[in-house]
Amino acid sequence: MSFFDELTQKAKTVADNVSGKAKEVADSAKISAAILAEKRELNKRYCEIGQWYANDYAQDEIPEAIADVMKAVKDSQEKIAALQAEREKVEAEEAIPTEEGKVCPVCGKISDARFCPHCGAPLVEAPQASKEDIAAQQTADKGPDEEA
């Protein structure tokens with residue numbers, strides 16, 4: 001019986017060591033996750049400071065040390081504006097219906113699909129849109145500033 005007692009004692013020792021190591025690893029992982037979360041928060045604050053500086057002092061004399069960075073920021077802002085304008089143009093072209101379709105009861109868009117591609121509402125029992133409805137929707141989508 002001493003063999004089984006000795007084996008049981010060794011198994012308990014190993015189990016205690018394993019559970020202790022597992023706890024250490026878990027504690028270490030929690031600390032690492034907390035450090036990572038704080039670093040993300042710090043980076044957000046740095047970004048906020050940089051954005052504030054770029055917005056408030058963009059017209060003033062820019063220090064030579066960050067002139068390249070500020071130029072890159074302005075270039076990125078211009079590129080974003082151009083891409084947004086291009087996206088709006090593409091969306092406007094895609095929105096032009098070529099045939100009569102069904103009017104969505106939720107958002108009022110016209111589509112020939114079974115479900116509205118804009119809001120997902122079913123179009124099965126929606127009334128058919130006439131060419132006048134399509135023209136009215138296009139005018140409404142453009143808005144008062146875009147008519148011409």
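Colleague: What mean pLDDT does the protein chain have?


Modeller: The model is predicted, and pLDDT is the predictor's confidence in each residue, from 0 to 100. In the protein chain, 76% of the residues score at least 70. The average pLDDT of the chain is 80.

Colleague: In which helix is confidence lowest, and in which is it highest?

Modeller: Where pLDDT is low, predicted coordinates should not be read in detail. The lowest confidence in the protein chain falls in helix 3 (residues 131-142), with a mean of 64. The highest, at 88, belongs to helix 2.

Colleague: How many salt bridges does the structure hold?

Modeller: A salt bridge requires a side-chain nitrogen of Lys or Arg within 4 Å of a carboxyl oxygen of Asp or Glu. One of the pairs is Lys10 and Glu6, at 4.0 Å from N to O. In total, the salt bridges number 6.

Colleague: By how much of a helical turn are Lys10 and Glu6 separated?

Modeller: The side chains of Lys10 and Glu6 meet in a salt bridge. Both residues belong to helix 1 (residues 2-56) and stand 4 residues apart. Their separation is therefore about one helical turn.

Colleague: Is Lys10 buried or exposed?

Modeller: A residue counts as exposed when its relative accessible area is over 50%. Lys10 has a relative accessibility of 52%, so Lys10 is exposed.

Colleague: Which residues are linked with Glu41 in a network of salt bridges?

Modeller: Glu41 forms a salt bridge with Lys44, their closest N and O atoms being 3.4 Å apart. Glu41 also meets Arg45 in a salt bridge, at 2.9 Å from N to O. Within helix 1, Lys44 lies 3 residues from Glu41, and Arg45 lies 4 residues from Glu41. The network links Glu41 with Lys44, Arg45 and Glu48.

Colleague: Which residues form a negative surface patch?

Modeller: Patch residues need over 30% relative accessible area and no salt bridge. Glu91, in helix 2 (residues 67-95), is partly exposed at 45%. The negative surface patch is formed by Glu88, Glu91, Glu93 and Glu94.

Key: Residues are numbered from 1 along each chain as its sequence is written. Side-chain values use heavy atoms; hydrogens and water are left out. Patches are made of residues with over 30% relative accessible area and no salt bridge: like charges are joined within 9 Å, nonpolar side chains (Val, Leu, Ile, Met, Phe, Trp, Tyr) within 5 Å. Accessible areas come from the Shrake-Rupley method with a 1.4 Å probe; for residues, only the protein chains shown count as cover. Lys and Arg count as positive and Asp and Glu as negative; His and the chain ends are not counted. The place of a charge is taken as NZ of Lys, CZ of Arg, CG of Asp or CD of Glu. Helices (H or I, at least four residues) and strands (E, at least two) are DSSP runs, numbered from the N terminus. Buried means under 20% relative accessible area, exposed over 50%, partly exposed in between (1.4 Å probe, protein chains only).
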